[in-house]
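Work through the exercises below with the sequence and the 3D structure at hand. Each task is followed by its solution.

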Amino acid sequence: MTIVTICGFIACVIGTARLSTTPLHEAAANGHAAICIELLKAGAAATAVDSSGCTALHCAAMDGPDDPSLAGVLMGAGCDPAAENEHGKTALDFAKKHNKPRMATLLEAAAADPEAIIAPYRAEVGALRQL
């Protein structure tokens, strides 16, 4: 486990173990894109799932703002837009259910052509991790 300080707060950056939640999940759910980026730069696992099988992308689509750039950063870091939680729901399902049309549009596009949609975000996240 790695401990990092972000914006005056201490966060544990944890691996891919199945957990009840991670700092990345919490930052995504609260729409804190800048904190998500810092956590990812510090080594947070974008593919980590919580106790119900949700990724940070699920949390952003469920509880975060209608921010496609946040979804893009999470997908670029490795969150699979097609990943299903333990109830078979994807981030797109949550974006539609929770009235996030801009995020839903990006997730639909990623489902139709993942490489074309996710590649620019992957390059952006790769560049950020070099900083």
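**Exercise 1.** Determine how many residues of helix H3 are buried, and name them.

Solution. Buried means under 20% relative accessible area, with over 50% counting as exposed and the range in between as partly exposed (1.4 Å probe, protein chains only). Helices are DSSP runs of H or I with at least four residues, strands are runs of E with at least two, and both are numbered from the N terminus. By this count six of the eight residues of H3 are buried, and the helix is mostly covered. They are Ala 56, Leu 57, His 58, Cys 59, Ala 60 and Ala 61. These residues pack against helix H1 (23–29), H4, helix H5 (91–97) and helix H6 (101–112).

The model is predicted: local features need pLDDT of at least 70, side-chain atom pairs count only at pLDDT 80 or more, and totals for chains, interfaces and linings use all residues. Residues are numbered from 1 along each chain as its sequence is written, and side-chain values use heavy atoms, leaving out hydrogens and water.

**Exercise 2.** Describe how H3 and H4 are oriented, and which residues make their contact.

Solution. H3 covers residues 56–63 and H4 residues 68–77; their axes lie 9 Å apart at an angle of about 170 degrees. The two helices are therefore roughly antiparallel, a label for angles over 145 degrees. Contact (heavy atoms within 4.5 Å) involves Ala 56, Leu 57 and Ala 60 of H3, and Leu 70, Ala 71, Leu 74 and Met 75 of H4.

**Exercise 3.** State the order of elements in the protein.

Solution. There are seven helices and two strands. From the N terminus they run β-β-α-α-α-α-α-α-α.

Conventions: Axes fitted to C-alpha atoms, helices over the stretch in contact; angles between N-to-C directions. Parallel < 35°, antiparallel > 145°, perpendicular 65-115°, else oblique.
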